Protein chains: 2
Amino acid sequence: MNKSKRRDVVYEVLCSTKSHPTAEWIYEKSREILPSISRGTVYRNLKELISNGQLTKVEGVFEMDRYDADVETHSHLVCRECGAVVDFSPYDIKSVIHIGQLDGFCVDEFSLVYHGLCVECNKLSDVNKLA
Amino acid sequence: MNKSKRRDVVYEVLCSTKSHPTAEWIYEKSREILPSISRGTVYRNLKELISNGQLTKVEGVFEMDRYDADVETHSHLVCRECGAVVDFSPYDIKSVIHIGQLDGFCVDEFSLVYHGLCVECNKLSDVNKLA
DNA sequence: ATGAAAGTAGTAATCATTCTCAATTTATTA
DNA sequence: TAATAAATTGAGAATGATTACTACTTTCAT
């Protein structure tokens, strides 16, 4: 990866917020710093920074993709009304569901998705390792 | 809601599987039963069935929307390789993360999103109730 | 049976995202 | 320091899932 002013700006803009912004928001903010930057460049660099492990896409929160420079946490509190997305470090799901409360949020729904390999695909990947 | 053959077919097609299909898949299957049904009709009826509480959109799993006639469960196991989506009734997140195993799946990532109202919006909705 | 409301097919429009490509910038090597 | 190869970019076209529109059909309460 060569050095690139545009990529640096995209990354800095994302690091400057905890709001889990959309690509469009990142594009607008980046233009305040580099007015000539294009949407395509923002999208491309977001992708490259993801492959490079510097940021992640926040899935399952809104229709639009959202990005996060915090590559560690994977849990979020989402306000249905104003759209605020707040990071949360999350394990005790039982009590949250029971109490319906988390950090002042009134929680009434959750979405939990586990990602991995199913039995079949796991077998196949073992075979491929041997080959 | 009037009765509608198309809506019934869309609903039956979705009920016939546990694979959490896309709208396109539902459209193809529905055409096997009613060849004249259109994509728009499938999308519209999926939406209406959702408002009517008969099915849900599965969020945060893939790029495309997926639908599920099981309106109760909210947790899924997703295979990164073949795309299989398996229902799971899910609370003990800690042990899953620790063991990395669930129903034969090799789990290496999860995504947990809590939905609700933030403090501010909760206050506002209280105010509105009084008014 | 009849008229209003609900539903539909087909197609155009939308809109976030990706792709294309000629031009520019960066890195490498002579 | 050239010169060449590789990476990056802007602008705009293309994509593709979903939604909107519209003229026509069906449903249903009276």
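Q: Why is C121(A) called partly exposed?

A: C121(A) has 18 other C-beta atoms within 10 Å. A residue counts as buried at 20 or more and as exposed at 12 or fewer, so C121(A) falls in between and is partly exposed. Please keep in mind that this is a predicted model.

Q: Where is C121(A) found, and what is C121(A) in contact with?

A: C121(A) is found in helix α5 (residues 119-130) of chain A. Leaving aside neighbours within four places in sequence, its contacts are C79(B), E81(B) and C82(B). A contact here requires C-beta atoms within 7 Å.

Q: What makes G53(B) exposed?

A: G53(B) has 8, so G53(B) is exposed. You will find G53(B) in the loop between α3 and β1 (56-58) of chain B. The C-alpha atoms of G53(B) and M1(B) are 13 Å apart, with the two residues separated by 52 residues along the chain.

Q: Why is β3(B) described as largely enclosed by the rest of the structure?

A: Of the 5 residues of β3(B), 4 are buried, so the strand is largely enclosed by the rest of the structure. Burial takes 20 or more other C-beta atoms within 10 Å.

Q: How do you know that β3(B) pairs with β4 (residues 85-87) of chain B?

A: Pairing asks for at least two bridges. Here 3 bridges join β3(B) to β4(B), so the two strands pair, and they run antiparallel. β3(B) and β4(B) form a hairpin with 5 residues between them, and G83(B) in the turn has a positive phi of about 85°.

Q: What makes β6(A) and β3(B) a pair?

A: With 5 bridges between them against a requirement of at least two, β6(A) and β3(B) qualify as a pair, in the parallel sense. G116(A) stands opposite C79(B) in this arrangement.

Q: How do you know that β6(A) pairs with β6(B)?

A: There are 11 bridges between strand β6 (residues 105-117) of chain A and β6(B), and at least two are needed, so the two strands pair; they run antiparallel. L112(A) has L112(B) as its bridge partner.

Q: How many residues does each chain bring to the contact between chains A and B, and which element of chain B gives the most?

A: Chain B brings 38 residues and chain A brings 38 residues. On the side of chain B that touches chain A, β3 (75-79), α4 (93-99), β6 (105-117) and α5 (119-130) each give two or more residues. β6(B) gives the most, with 13 residues. That side of chain B divides into 22 nonpolar, 9 polar and 7 charged residues.

Q: Why is the relation between the two chains called that of a two-fold axis?

A: A rotation of 180° with 0.0 Å of shift along its axis superposes chain B on chain A, at an RMSD of 0.2 Å. That is the relation of a two-fold axis. The same surface serves both copies, since 100% of the contact residues of chain B recur in chain A. Among the residues of chain B, G60(B) comes closest to the rotation axis, at 1.6 Å (C-alpha).

Q: Which residues come nearest to DNA strand C?

A: G40(A), D65(A), R6(B), G40(B) and T41(B) come nearest, out of 26 residues around DNA strand C. The elements giving two or more residues to this surface are α2 (23-33) and α3 of chain A, together with α1 (5-15) and α3 of chain B. α3(B) supplies the largest share, 5 residues. The surface near DNA strand C divides into 5 nonpolar, 10 polar and 11 charged residues.

Q: Which residues come nearest to DNA strand D?

A: Of the 23 residues around DNA strand D, the nearest are S4(A), R6(A), T41(A), G40(B) and D65(B). The surface near DNA strand D divides into 5 nonpolar, 10 polar and 8 charged residues.

Q: Which residues touch the most other members of the largest nonpolar core?

A: They are V10(A), Y114(A), V10(B) and Y114(B), in a core of 52 residues. Not counting residues up to four places away in sequence, V10(B) touches I26(B), S30(B), V42(B), N45(B) and L46(B). In chain A, V10(A) is one of the buried residues of α1(A), and the buried residues of that helix pack against α2, α3 and β2 (66-68) of chain A.

Note on methods
Residues are numbered from 1 along each chain as its sequence is written. Chains are lettered from A and ligands numbered from 1 in the order in which they are written. This is a predicted model: local features need pLDDT of at least 70, side-chain atom pairs count only at pLDDT 80 or more; totals for chains, interfaces and linings use all residues. Two residues are in contact if their C-beta atoms, placed from the backbone, lie within 7 Å. Ala, Val, Leu, Ile, Met, Phe, Trp, Tyr, Cys and Pro count as nonpolar, Asp, Glu, Lys and Arg as charged, and the others, Gly among them, as polar. Copies are superposed by least squares on the C-alpha atoms of residues with pLDDT of at least 70 in both. A residue is near a molecule or strand if its C-beta atom, placed from the backbone, lies within 6 Å of it. A nonpolar core is a set of buried Ala, Val, Leu, Ile, Met, Phe, Trp, Tyr and Cys residues joined through C-beta atoms within 7 Å.
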